Amino acid sequence: MNIKLSRLANTKYFHIYVILFIVFVILFVTGVITLKYSVEGESSLPFDLSKISIISIAEGTDVEDSANRWNLQVSQNNDIYLYIKKNDNYENTETIDRIILDNFQVTKKPTVGTLKLYKPDSQMENKLFKNTPENETDKIEFIGDMDASLKDLKLSNQGGLVIFRYAIDDLGNYISNDDVEINHDGLLKKLSVQNENLKFSFSFDIVIELDSGRKYKSNVNLDLPINNIVDEGTQSIEYTDLKDIVFKRI
């Protein structure tokens with residue numbers, strides 16, 4: 001028996017089978033590792049997305065109109081706050097070079113108004129956003145710096161806030177000579193806007209670039225606006241369970 005096994009081991013076909021088996025094992029292990037990475041992403045990031053906060057509001061912008069007491073152009077605004085947190089357990093020292101938000105894709109459109117993406121306004125002192133053409137964009141980029149400044153699109157290179165606005169503009173004008181004061185929370189209802197007609201969904205990529213040259217990317221999906229903003233007014237929500245947002249090295 002031992003002689004037969006020895007002869008078999010010395011045959012060309014035996015060596016081929018052994019090599020094929022080894023190749024199969026390598027491919028199988030590689031496949032398992034690749035699948036695990038595609039699902040779980042990086043196991044230890046120097047910085048991570050720790051929280052997403054969203055505030056959905058209705059807002060009316062004054063239109064010059066000498067014939068009426070009130071003439072407000074109405075928008076539905078969604079302000080999104082992304083919290084980038086440093087991983088205190090990460091062994092090496094890293095600093096943020098920039099955070100890039102791009103590849104915005106609308107997967108479900110509202111059936112009213114015009115959907116627009118805005119960056120923070122750099123001119124206004126008491127407001128972060130203003131729905132104007134100069135603030136409209138298709139990409140948001142925050143630079144890592146020693147000092148954070150939302151209006152100047154800067155965050156601390158040790159982590160901080162990245163913000164943007166997705167708005168539904170051109171919902172109509174509310175004109176009145178009867179109202180003494182205007183409650184902006186009620187403007188959508190005054191225009192007979194239906195909540196379901198405002199609903200939209202979109203996705204975007206978030207890229208964390210480090211000064212070391214390392215880059216990590218993930219994709220985020222959001223549904224807006226929050227809850228029933230027409231009947232209930234200003235709405236807000238915080239997402240802290242972000243296990244489905246997986247970062248991969250690029």
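This is a short tour of a predicted model, stop by stop.

**Before you start**

Residues are numbered from 1 along each chain as its sequence is written. Local features need pLDDT of at least 70 and side-chain atom pairs count only at pLDDT 80 or more, while totals for chains, interfaces and linings use all residues; side-chain values use heavy atoms, with hydrogens and water left out.

**Stop 1: the whole chain**

Select everything. The secondary structure comes to 5 helices and 12 strands. Helices (H or I, at least four residues) and strands (E, at least two) are DSSP runs, numbered from the N terminus. Of the 250 residues, 37% count as buried; buried means under 20% relative accessible area, exposed over 50%, partly exposed in between (1.4 Å probe, protein chains only). Take contacts between residues at least 6 apart in sequence: 74% of them join residues at least 24 apart. A contact means heavy atoms within 4.5 Å.

**Stop 2: confidence**

Colour by pLDDT, the predictor's confidence in each residue, from 0 to 100. The chain average is 88, and 83% of the residues score at least 70. Select strand E4 (residues 114-118): its mean of 98 is the highest among the elements. Now select helix H2 (residues 12-40), which has the lowest mean, 54. Over residues 29-41, pLDDT stays under 50. The model has 10 contacts beyond four places in sequence for residues 29-41. Where pLDDT is low, the predicted coordinates should not be read in detail.

**Stop 3: the core**

Select Leu 82, Leu 101, Phe 164 and Phe 204. These have the most contacts inside the largest nonpolar core, which has 52 residues. Such a core is a set of buried Ala, Val, Leu, Ile, Met, Phe, Trp, Tyr and Cys residues joined through side-chain atoms within 4.5 Å. Strand E2 (residues 70-86) gives the most to this core, with 7 residues. Centre on Leu 82. Beyond its neighbours within four places in sequence, its contacts include Leu 49, Ile 52, Leu 101, Phe 164, Phe 204 and Ile 206.

**Stop 4**

Most residues other than glycine have a negative phi, and most peptide bonds are trans.

- Ser 192: it has a positive phi of about 60°. Ser 192 lies in the loop between helix H3 (187-190) and helix H4 (195-198). It counts as exposed, because its relative accessibility is 57%.
- Leu 224 to Pro 225: this peptide bond is cis, with omega near -15°. Pro 225 sits in the loop between strand E10 (215-224) and helix H5 (229-232).
- Asn 227: it is found in the loop between E10 and H5. Its phi is positive, about 55°. Asn 227 is partly exposed, with a relative accessible area of 45%.
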